[in-house]
Amino acid sequence: MNILVLHGPNLNLLGLREPEVYGRTTLNDINARLNALAAERGAMLRILQSNHEGVLIDAVQEARTTANGILINPGGYTHTSVALRDAISGVALPTVEVHLSNIYKREPFRHHSYISPVAVGTVAGFGWRSYLLGLTALLDVVADQPSHS
Ligand code: CA2
(Lines give C-alpha, C1' and ligand atoms only; values in the text may rest on other atoms or scores of the structure.)
Protein backbone atom coordinates (compact mmCIF):
# COMPACT_ATOMS: atom_id res chain seq x y z
CA MET A 1 0.00 0.00 0.00
CA ASN A 2 1.41 3.39 -1.03
CA ILE A 3 0.33 6.62 0.61
CA LEU A 4 1.15 10.18 -0.37
CA VAL A 5 1.61 12.45 2.67
CA LEU A 6 1.38 16.17 1.89
CA HIS A 7 2.23 19.03 4.22
CA GLY A 8 1.17 22.46 3.02
CA PRO A 9 2.63 25.94 3.43
CA ASN A 10 4.60 26.97 6.51
CA LEU A 11 4.47 23.53 8.11
CA ASN A 12 8.26 23.38 7.66
CA LEU A 13 8.32 25.87 10.58
CA LEU A 14 6.70 23.42 13.01
CA GLY A 15 8.44 23.27 16.36
CA LEU A 16 10.53 26.31 15.45
CA ARG A 17 7.90 29.11 15.67
CA GLU A 18 4.56 29.63 17.50
CA PRO A 19 4.90 26.57 19.81
CA GLU A 20 1.90 27.84 21.83
CA VAL A 21 -0.35 27.18 18.81
CA TYR A 22 1.31 24.29 16.99
CA GLY A 23 3.44 22.59 19.68
CA ARG A 24 7.15 21.80 19.86
CA THR A 25 7.19 18.78 17.62
CA THR A 26 9.03 19.36 14.34
CA LEU A 27 7.94 18.20 10.91
CA ASN A 28 10.84 15.71 10.91
CA ASP A 29 9.52 14.25 14.20
CA ILE A 30 6.05 13.86 12.69
CA ASN A 31 7.42 12.26 9.54
CA ALA A 32 9.47 9.79 11.61
CA ARG A 33 6.36 8.82 13.61
CA LEU A 34 4.34 8.42 10.41
CA ASN A 35 7.05 6.24 8.84
CA ALA A 36 7.16 4.05 11.97
CA LEU A 37 3.40 3.56 11.90
CA ALA A 38 3.43 2.88 8.16
CA ALA A 39 6.17 0.25 8.62
CA GLU A 40 4.09 -1.51 11.32
CA ARG A 41 1.15 -1.58 8.92
CA GLY A 42 3.17 -2.67 5.87
CA ALA A 43 2.62 0.63 4.04
CA MET A 44 5.05 2.87 2.16
CA LEU A 45 4.90 6.66 2.42
CA ARG A 46 5.97 9.35 -0.01
CA ILE A 47 6.21 12.52 2.08
CA LEU A 48 6.37 16.05 0.67
CA GLN A 49 6.13 19.53 2.19
CA SER A 50 5.69 22.53 -0.08
CA ASN A 51 4.89 26.20 0.29
CA HIS A 52 3.64 26.27 -3.32
CA GLU A 53 0.09 25.43 -4.37
CA GLY A 54 1.13 24.17 -7.83
CA VAL A 55 3.71 21.77 -6.37
CA LEU A 56 1.06 20.27 -4.08
CA ILE A 57 -1.37 19.97 -7.01
CA ASP A 58 1.27 18.27 -9.20
CA ALA A 59 1.94 15.76 -6.39
CA VAL A 60 -1.78 14.99 -6.04
CA GLN A 61 -2.09 14.43 -9.80
CA GLU A 62 0.98 12.14 -9.83
CA ALA A 63 -0.51 10.11 -6.99
CA ARG A 64 -3.30 8.97 -9.34
CA THR A 65 -0.98 6.30 -10.75
CA THR A 66 1.41 5.79 -7.83
CA ALA A 67 -0.58 5.86 -4.58
CA ASN A 68 -3.61 4.23 -2.97
CA GLY A 69 -4.53 7.21 -0.79
CA ILE A 70 -3.57 10.70 0.33
CA LEU A 71 -3.00 12.12 3.83
CA ILE A 72 -2.92 15.91 3.68
CA ASN A 73 -2.53 18.88 5.96
CA PRO A 74 -3.28 21.62 3.43
CA GLY A 75 -2.21 24.36 5.88
CA GLY A 76 -3.56 27.78 4.89
CA TYR A 77 -4.69 26.42 1.49
CA THR A 78 -7.43 24.61 3.42
CA HIS A 79 -9.35 27.86 3.50
CA THR A 80 -8.50 29.26 0.07
CA SER A 81 -7.72 26.65 -2.57
CA VAL A 82 -10.40 25.61 -5.02
CA ALA A 83 -7.57 24.33 -7.25
CA LEU A 84 -6.21 21.91 -4.62
CA ARG A 85 -9.74 20.68 -3.91
CA ASP A 86 -10.32 20.13 -7.66
CA ALA A 87 -7.09 18.12 -7.90
CA ILE A 88 -8.11 15.87 -4.99
CA SER A 89 -11.57 15.43 -6.38
CA GLY A 90 -10.09 14.71 -9.84
CA VAL A 91 -7.79 11.88 -8.76
CA ALA A 92 -10.58 10.19 -6.81
CA LEU A 93 -8.18 8.63 -4.27
CA PRO A 94 -9.34 8.26 -0.67
CA THR A 95 -8.04 11.37 1.07
CA VAL A 96 -7.88 12.18 4.78
CA GLU A 97 -7.48 15.82 5.84
CA VAL A 98 -5.59 16.53 9.06
CA HIS A 99 -4.98 19.63 11.15
CA LEU A 100 -2.82 20.04 14.21
CA SER A 101 -5.13 22.65 15.69
CA ASN A 102 -8.90 22.55 16.15
CA ILE A 103 -9.75 24.92 13.31
CA TYR A 104 -13.32 25.37 14.68
CA LYS A 105 -11.95 26.85 17.91
CA ARG A 106 -9.96 29.46 16.03
CA GLU A 107 -10.71 32.54 13.86
CA PRO A 108 -13.92 32.32 11.79
CA PHE A 109 -11.96 32.33 8.50
CA ARG A 110 -10.51 28.94 9.52
CA HIS A 111 -13.94 27.36 10.01
CA HIS A 112 -14.47 26.70 6.33
CA SER A 113 -12.44 24.05 4.49
CA TYR A 114 -12.50 23.68 0.71
CA ILE A 115 -10.92 20.25 1.20
CA SER A 116 -13.35 18.61 3.67
CA PRO A 117 -16.13 17.98 1.11
CA VAL A 118 -13.75 15.90 -1.06
CA ALA A 119 -12.08 14.08 1.87
CA VAL A 120 -13.21 10.81 3.41
CA GLY A 121 -12.90 12.57 6.76
CA THR A 122 -10.99 15.11 8.79
CA VAL A 123 -8.96 14.87 12.01
CA ALA A 124 -8.28 18.19 13.76
CA GLY A 125 -7.15 19.39 17.15
CA PHE A 126 -4.88 16.61 18.40
CA GLY A 127 -1.53 18.20 17.57
CA TRP A 128 0.94 15.79 15.92
CA ARG A 129 -1.37 12.93 16.90
CA SER A 130 -3.87 14.15 14.29
CA TYR A 131 -1.48 12.80 11.65
CA LEU A 132 -1.22 9.35 13.25
CA LEU A 133 -4.98 9.14 13.76
CA GLY A 134 -5.49 10.26 10.16
CA LEU A 135 -3.02 7.72 8.76
CA THR A 136 -4.58 4.91 10.81
CA ALA A 137 -8.02 5.78 9.44
CA LEU A 138 -6.75 6.11 5.87
CA LEU A 139 -4.96 2.73 5.92
CA ASP A 140 -8.16 1.11 7.23
CA VAL A 141 -10.26 2.77 4.51
CA VAL A 142 -7.86 1.71 1.74
CA ALA A 143 -7.67 -1.86 3.09
CA ASP A 144 -11.48 -2.04 3.06
CA GLN A 145 -11.71 -1.09 -0.62
CA PRO A 146 -12.82 -4.01 -2.79
CA SER A 147 -10.08 -3.15 -5.34
CA HIS A 148 -7.33 -3.58 -2.72
CA SER A 149 -5.63 -6.98 -2.87
O1 CA2 B 1 -3.88 23.33 12.37
C2 CA2 B 1 -3.37 23.08 11.28
O3 CA2 B 1 -2.74 22.05 11.04
C4 CA2 B 1 -3.47 24.12 10.14
O5 CA2 B 1 -3.63 23.44 8.92
C6 CA2 B 1 -2.16 24.88 10.18
C7 CA2 B 1 -2.13 26.04 9.16
C8 CA2 B 1 -3.35 26.94 9.36
O9 CA2 B 1 -3.37 27.94 8.35
C10 CA2 B 1 -4.64 26.15 9.29
O11 CA2 B 1 -5.72 27.04 9.54
C12 CA2 B 1 -4.66 25.05 10.33
C13 CA2 B 1 -0.88 26.90 9.37
C14 CA2 B 1 0.40 26.13 9.31
C15 CA2 B 1 1.49 27.07 9.71
O16 CA2 B 1 2.36 26.38 10.58
C17 CA2 B 1 3.22 27.13 11.30
C18 CA2 B 1 3.99 26.44 12.20
C19 CA2 B 1 4.87 27.12 12.99
C20 CA2 B 1 4.98 28.49 12.87
C21 CA2 B 1 4.21 29.19 11.99
C22 CA2 B 1 3.33 28.50 11.18
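## Ile72 and the E3–E4 pairing

In strand E4, glutamate 97 is the bridge partner of isoleucine 72. Strand E3 (residues 69-73) and strand E4 (residues 95-99) pair in the parallel sense over three bridges; two strands pair if DSSP finds at least two bridges between them. Helices (H or I, at least four residues) and strands (E, at least two) are DSSP runs, numbered from the N terminus.

A word on the model: it is predicted, so local features need pLDDT of at least 70 and side-chain atom pairs count only at pLDDT 80 or more, while totals for chains, interfaces and linings use all residues. Residues are numbered from 1 along each chain as its sequence is written, and side-chain values use heavy atoms, with hydrogens and water left out.

## The sheet and the helices on it

Five strands form an open, parallel sheet in the order E2-E1-E3-E4-E5. Strand E2 (44-49) and strand E5 (121-124) are the edge strands, each pairing on one side only. From one strand to the next, the twist averages 20°.

Helix H2 (residues 27-40) lies across strand E1 (2-7), E2 and E3, and runs at about 165° to E2. Helix H5 (residues 129-144) packs on the sheet too, touching E1, E2, E3, E4 and E5, and its direction makes about 160° with that of E3. Axes here are lines fitted to C-alpha atoms, for helices over the stretch in contact, and angles run from 0 to 180 degrees between N-to-C directions. Contact means heavy atoms within 4.5 Å.

## Alanine 124 in strand E5

Alanine 124 belongs to strand E5. Leaving aside residues up to four places away in sequence, alanine 124 touches His99, Ser101, Asn102 and Ser130. Isoleucine 103 is 21 residues from alanine 124 in sequence, yet their C-alpha atoms are 6.9 Å apart.

## Helices H3 and H4

Helix H3 (residues 53-66) packs against helix H4 (residues 82-91) at an angle of about 5°, with axes 9 Å apart.

H3 brings Glu53, Leu56, Ile57, Val60, Gln61 and Arg64 to the contact, and H4 brings Ala83, Leu84, Ala87, Ile88 and Val91. By class, that gives eight nonpolar, one polar and two charged residues. Ala, Val, Leu, Ile, Met, Phe, Trp, Tyr, Cys and Pro count as nonpolar, Asp, Glu, Lys and Arg as charged, and the others, Gly among them, as polar.
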